[in-house]
Each structure stands twice: as structure tokens, then as C-alpha cells.
Amino acid sequence: MKLYPLQFEPILKERIWGGTKLKTFLNKPITSNITGESWEISTLENNVSVVANGALKGKSLNELINEFPETILGTKVYDQFGKQFPLLFKYLDAREDLSIQLHPNDELAKKRHNSFGKTEMWYVMQADTDAQLIVGFKEKSSPEEYIKNLNNKTLLTILDTKKVKQGDVFMLDTGTIHAIGAGIVIAEIQQSSDITYRVYDFDRVDANGKTRELHIDLALEALNYEKIQSQRFYSKTENVANEIVNCNYFTTNFIPLDGNIEIHKNQISFTVYMCVEGNFKLTFDNESYSYEKGDTVLIPAAITDFQLSGKSSILEIYIS
């Protein structure tokens, strides 16, 4: 099989807080005015990505991994995770505030849900004036203080808010209480998990007048009550990979591309590129592939030498 850079059909999700920016800003084929998420690369149950380009079009990512595990995933990733794809890549459009929520760590998620935990990273692609995120507590808290404020509907008074702009990055370790605010488009990189504990939803109701389920009890043990520093600051040197995050689950670099750069990789991990601004070409084996803002591409681990060219801002993600 001749491998090549793989793109996938977006898996589009309606959300009570979603809007239309995934279409107007990122050119996704949404059909609903409350589309909140585009899952770009996923192998979660009932949400398995399907190849959208080239000779493998129509095949699922799971099929490819089953047939060519080390070739797609890489030697280290295959050793660590077997035939599981360990990450999930998304774009999110928050027309309204998301619920206040958190995610369990690997140990709790395995015990309770037979799942990975959900460590995640946000890159802000667009933010309306005065848009903000909630990330963690203002000061160190406790279960007692947290529950008291939750019951009194004063939870927001003890949570830390951050005004955001394009290019801001936040790393959310498991247990961090958080919410994406209205007016923000985000590129999200996370462990392959859909376990979310929702603790406050602003008393919203859906089109049928129903409130969404809360997970107050599950969240108590999962919460990190410490004051944390979640924002990441990083350099933006042109035509090099500027490291933003290097954690146990993934490494993310920021590449401000202006011209041409040669990429040389080993075969220990796949690489994913998310185009967050502009457009670029990837040239491999004398063929060129074009990408624009909102595109996500998976480079199989067996592809080690290629060129990027254009004027673009790119997130580069792999497991190190």
C-alpha cells in the first residue's frame, strides 16, 4: 500500500451552545445553526473517522490501523496503545457559554467508565471582543466551599476567568474545572475520551424544555481544588517548530510558516497538522497536497521526509 497524508470526513455535532462559525470561519459542511463541534480525527465508538481523500477514501481509520498498525501509528505508539488511536482532534464553535465541567484522570476513567481520562489543550483560533474562558479556581478551594457555592448558584464567584484572543493556549490537566465562553472558536487536542462531568449549566433548557444531566457526585472526587496555571506562553519563531506543550499524552508545536521548511521525522509516532491560519502545501514523494484554515491532516508514521510550503500558522502534534 502506498501511504500518503490522510484527511477525514468531519464528524459534525449539534450542541445547545453551538453556532455557524464552523461553516463561515472554517468552511465545514454544517447543515444546522447550532453546530458546536467538528470531530476531525476520532476512533471513539460510533464516531470513527472515514478517509476523505485519495486511494483509501471511504476506509475507516480503525480499518487502516488494524491492517497497518505500526505503519500508521508508529512504533512507540503501537507499543504503548496497541491498535488504539490515543488522541481526538476537534474544532469547536461556542456561540453561547459551554457548561462548567471537568474530566476525570486515567485511573478514575478506567475504573468508572473503562475509558482513557481526558487531558486536553485549547488553541484559540478566533475570539469576539471580551470573550473569556473559565479555567480553575481563583484561589485554592475545597469540596466544602465548592459545594456551598454550587448550591447557592454563586460558583462563578470562585472560578478564574481569562479574557482571550487569537493564539492563546490553555492546557487543561484532568480535574481542572473549566468552560469555554461565548464567542470563541477553538482547536482542541485531547486524549481519546468523551467522559465529561458537567457541574453547572446556567439552568438552560433544550428545545424540548429539558435541562441537561449534571454529574455533581462524580465530579467531587475528580476535581482538582488547587489554584493552577493553565495558560501556556510560547515563542513564534518563523519556520521552526516552537514547542507549546509536551506532556505524557502528546506534544504540540506551533509552526509559523512563511516559505519552505523540510521535515524529517522518525517512525515512533504519527504526526497531525491542524491549519489554524492561512494555507500551506505538503510535498511528499513528488506529490503536493494543499490545506487551508480548518483542515486537519494525519501523516502516517512511515512517512518521514516531506516539505511544508506557504504562509500559514500550523499546530503540529505527535506523541514523543
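**A walk through a predicted chain**

Hello everyone. Of the 320 residues in the protein chain, buried ones make up 54%. Please keep in mind that this is a predicted model.

Let me start with the overall picture. The secondary structure of the chain comes to 7 helices and 20 strands. Along its principal axes, the C-alpha trace spans about 65 × 40 × 40 Å. The radius of gyration is 20 Å, which agrees with the value near 20 Å for a compact globule of 320 residues. And if we take contacts between residues at least 6 apart in sequence, 75% of them join residues at least 24 apart.

Now let's go to helix 6, residues 143-151. Which of its residues are buried? They are Y146, N149 and L150. These three cover an arc of only 105° around the axis, so they sit on the same side of helix 6. What covers the buried residues? The cover includes strand 8 (132-137), strand 13 (197-200) and helix 7 (216-222).

Next, charges. Side chains of opposite charge can pair when their charged atoms come close. How many salt bridges does the structure hold? The count is 20. I'd like to show you a few.

One of them joins the side chains of D285 and K2, at 3.7 Å from N to O. D285 is in the loop between strand 17 (271-284) and strand 18 (287-292), while K2 is in the segment before strand 1 (11-19), so this pair ties together parts 283 residues apart in sequence. D285 itself is partly exposed, with a relative accessible area of 46%.

Then there is R112 with E221, where the closest N and O atoms are 3.2 Å apart. This pair links R112 in helix 5 (residues 106-113) to E221 in helix 7, 109 residues apart. R112 counts as partly exposed at 28% relative accessibility, whereas E221 is exposed at 53%.

K140 and E226 form another salt bridge, with the closest N and O atoms 3.4 Å apart. K140 lies in the loop between strand 8 and helix 6, and E226 in the loop between helix 7 and strand 14 (231-232), so parts 86 residues apart in sequence are tied together here. K140 is exposed, with a relative accessible area of 57%, and E226 is partly exposed, at 39%.

Salt bridges can also join up: R95, E96, D201, R204 and R212 are linked in a network of them.

E120 lies in strand 7 (residues 120-127). E120 is buried yet has no salt bridge. How far away is the nearest side chain of opposite charge, K118? It is 4.2 Å away, and a salt bridge needs a side-chain nitrogen within 4 Å of a carboxyl oxygen. What E120 does have is a polar contact between its side chain and the side chain of H178, at 3.2 Å. Leaving aside residues up to four places away in sequence, E120 touches several others, including H103, F170, E188 and F250.

Notes
Residues numbered from 1 in each chain as written. Predicted model: local features only at pLDDT ≥ 70, side-chain atom pairs only at ≥ 80, totals over all residues. Heavy atoms only, no water. Helix = DSSP H or I, 4+ residues; strand = E, 2+ residues; numbered from the N terminus. Buried < 20%, exposed > 50% of the residue type's maximum accessible area, 1.4 Å probe, protein only. Lys, Arg positive; Asp, Glu negative; His and termini not counted. Polar contact = N/O pair within 3.5 Å; in protein donor to acceptor, adjacent residues only side chain to side chain. Contact = heavy atoms within 4.5 Å. Arc of directions from axis to C-beta. Rg over C-alpha atoms; globule rule 2.2 N^0.38 Å.
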